[in-house]
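The points may be read alongside it.

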Amino acid sequence: MPEVILPIGPQHPALKEPVNFRVIVDGETIVGLELDVSYTHRGIEKAAEQRDFIRVVPLLERVCGICSHAHAQAFCTGIEEIMQLEVPPRAQYLRTIVAELERMHSHILWLGVAAHVVGFNTLFMWTWRDRETTQDILEEMTGNRMNYGMNEVGGVRRDLSPGQIRSILSRLPKLEEQIGKYVEMVKGEETMLLRFRGIGKLSKAEALRYGTVGPTARASGVDYDVRRDDPSIAYPEVPWKVVTDTNGDVYGRTLVRIGELQESLGIIRYCLEHLPEGQIYVPAPKVAPKAEILSRYEAPRGELAHFIRTNGTDKVDRIDIRTPTLANWTSVTVSLVNQNIADIPVIVAAIDPCLSCTSRITILSERGRRRGEMSWAQLVDHGQRFYREGGRS
Amino acid sequence: MEPLLLGIYILLFPGFLFLFAYAFLLQYLDRKIAARMQQRVGPPLLQPFADFIKMLGKEVIDPAGVDRKAFDAAPVVALAAAMTAYLYIPIVGGSPFAFQGDLVLVLYLLTLPTIALFLLGWLSRNVFSSVGGVRAVTMLFIYEVPFFLALLMPALMAGSWSISEIALWQQEHGWFALLQPIGFVVGLIGLQAKLERQPFDIPEAETEIVAGPWTELTGRRLALMHLTMQVMLVAGSGLIAALFLGGPLLPWNISPAWLATIAGFLMFLGKTLVILVILASLKVATGRIRIDQLNDIGWKYLASATILQVGIVLLMDYIRVGT
Amino acid sequence: MTGLLGLEEVKSALERFGTVEQVRFNRIKLATTPEKVHEALFRAQTLLACDHLIQISALDNGQNFELIYHLTGPHRTVISIAIALPRDRPEMPTTSDILPPAGIYERQIYDLLGIVFTGHPNLKRIILSEDWPENEFPLRKDWKPRPRIPSGGTREEGK
Amino acid sequence: MSGVLLEMLENLCSKPFTILYPKEKVPIPKGFRGKIAIIDEKCIGCSRCAKVCPAECITMVPDETEIEVKGKKIVRKKRPVLKFFRCIRCGLCEQYCPSEAIVMRCQLSECGPDKEVVVQ
């Protein structure tokens, strides 16, 4: 069978969001790949320049559905630093609780999607069933299951009553038990191990070179976690550790995410038990002084950076958002070449791509390892000719 | 058998009418058990039947440039092959069509749907379908050898090439599942692969190649292919039940013939259901493996296990005949 | 993980490219010119062990385009290398040869602000849809949405 | 592997987790940000909700009405009108309302195809 271009997406059962891969396959092996992610650009950065600090927070929350709190938090902590606000500790703890609950639901969701991608639908059903617990807790805390609307400049918008704290604490042991089961399943389920081990491998040097962030980087042994490296909110006061792994493949990323689930549970429990008394909010001035700041936060998918510049008005002059998925795409295109087509969804899913918040694209650079005698340019030529002729095999 | 009785046998019971009803029931049970194991609710009883009727009524779309006649014929051929194979499976006592060598015919007929699936994939001129079709055939070459070897071992030991006679042999000597446990396990795994269920749903891996050869199937073609797979499930589990679990025959004789028939029929139902539960559990407990991994597993473990079984059978035969 | 970088350390490595100042306890900023940025990034990588590019922040301040490269490393200090490009000729050499992840960020900046990175291996449209009109850069301050100009996508029926 | 089998058997013997929607419903927790509603007699017409709404779903229309606030009678000049399906349920209007005249009820809101529909 000669090389065939296999179009995957923009609408495809494996993909939850619009993305287009044009995979050039030789039999079952990928020899080349083009990605196109530009289907969901919404111009949020431009829109954010037109809104004041109260109204921009809900907008930024909607950059991404899963890590909505992360975006709002990166922005709020940045603006608070510019305004030099002292946010009360209770607000910081509440932010931490929501942030870690969000991380938990994101990682559980990822585990389910990864299992679904390798055809293990049972784990998918079970994880999504257990994810409901975190969603219920978030709904009770914030009033919404997604896009919580918890942050604002100066603090948080909702408080926790002692009754709610007790109710949340009582639900955590069940969740912990389920997470323990996942660890066992991921380490013991043969078909999943077959599909995860040695797939999409990135060495530590490669992970650093291609600028990976978050669990993808930590699975390759890169010891970066913004929560520790550039601490904000309540993280310096809470005992927790950064989870890293040395496998560097999809299996390692799974282990890192499950390890982080357990850490997050510990953080939530600590924060609930040691929730300081006091205000949850300090009134924020309407305008921010002229300044610029790079606000970083570890979103569930990796390091999130908001570059904010203010110009002495009640609106931001420029907000530049770098989402974790954008940083991880380069590594995906590199690690896909020479893999099996059956592994495309696994490798892509392993970085937990969030396309709406990325809405950006990459095309495989010339750095893709060359295979056989064909150069990359020849291969692209060949592929395009093929495509024009109808992609027949 | 009289022509009238034979007609009833083929058309009504335990022929095609029963076959379709039972195929839908097995499909329902399969889905229901899987759903409950995943803590879902699962479909209602008539869902598979409703799906079938609905799909029959849907518009048939011809992909551009496709050979319509071949595309129409392939599902029909596949279904006919699966239904014919079913006629040789003993259901209420031996099959009236039994002859020496019907085991080989059944194995051949059960391979036809896979070939039809490959043809459909290849004919539809869709890259997903082509890749899926190639995968289906590649998989055929991997699992077919151990599967056939495992299913032929009972014939070797019973000294007959007729499924009904093999079932009869077990009435006296005990089930082959106990005599040839490795063959039984390989047979179940091979059946799972033949039916393209997890962990062997490689040709129709939805997260990779949409639906593989099924991608361009619509309307009645899709309905017929689904029905083929369901009939294959009945025929395959019936075949395994006959070859390894003694089929519809009881280990002892029951005096009135009609009672024996009913008991045999119940045995058939019970045994196929047990096989279905095993297959459904396997489906729920595993993810999809890759084709190269299947290649490894198939040739390294399954094939060598069956060869081992062949050796054991030959040795046992030698001892038995020698003494 | 090592301790934070001191201002003196950074100064000794990067002072030759421009002014170095400490803007936050873990952030040191260097203001330099577009021609020197390549060398500055290389020195930051080799001498200061910066192995991670956080972001290339790009903005339009009305007079100039500003680009700020944020780098970090195991020392956890963010080194920001800021440059300004003239609005009338927004061109600068690419940095994707020494920083592979910069390739993607540069394409994004090219798409939204129209800054051309010479030597980039594949400088093509990335964020905006493929039928977005040429030479319309939405993040420039003087850009306003104009409904009369088709900006890609399909129109609603009957309009 | 044994963990998976154990969990499978456990599930087989327990009730399904699914909630069959029209027949059973999930209880809505207290403090849920649900259907938005304006309590007209409390509204003093200050327009703060319209200013903070990120989705611009609240507009003020002229409406001179006499209302009673803390025992005093005042005349309000405007009243808010909701473009109901634009609401993104952020809860900012509820938070910024000085007279608690705009609330989010513990009740699921309907959906509709037209964003501009005004629901009173």
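How far apart are the nearest C-alpha atoms of chain C and chain D?

1. The nearest C-alpha atoms of chain C and chain D are 14 Å apart, and the two chains do not touch. Residues are in contact if their C-beta atoms, placed from the backbone, lie within 7 Å. Chain B and chain C likewise have no contact, with their closest C-alpha atoms 25 Å apart.

2. The model is predicted: local features need pLDDT of at least 70, side-chain atom pairs count only at pLDDT 80 or more, and totals for chains, interfaces and linings use all residues. Residues are numbered from 1 along each chain as its sequence is written, while chains are lettered from A and ligands numbered from 1 in the order in which they are written.

3. Chain A contains 15 helices and 8 strands (DSSP runs numbered from the N terminus: helices are H or I, at least four residues; strands are E, at least two).

4. In chain A, β6, β7 and β8 form an open sheet in the order β6-β7-β8, with antiparallel pairing (strands pair if DSSP finds at least two bridges between them). β6(A) and β7 (residues 302-310) of chain A are joined by 9 bridges, and A:A291 has A:T310 as its bridge partner in β7(A).

5. Helix α3 (residues 68-83) of chain A lies across β6 and β7 of chain A, at about 145 degrees to β6(A) (axes are lines fitted to C-alpha atoms, for helices over the stretch in contact, and angles run from 0 to 180 degrees between N-to-C directions).
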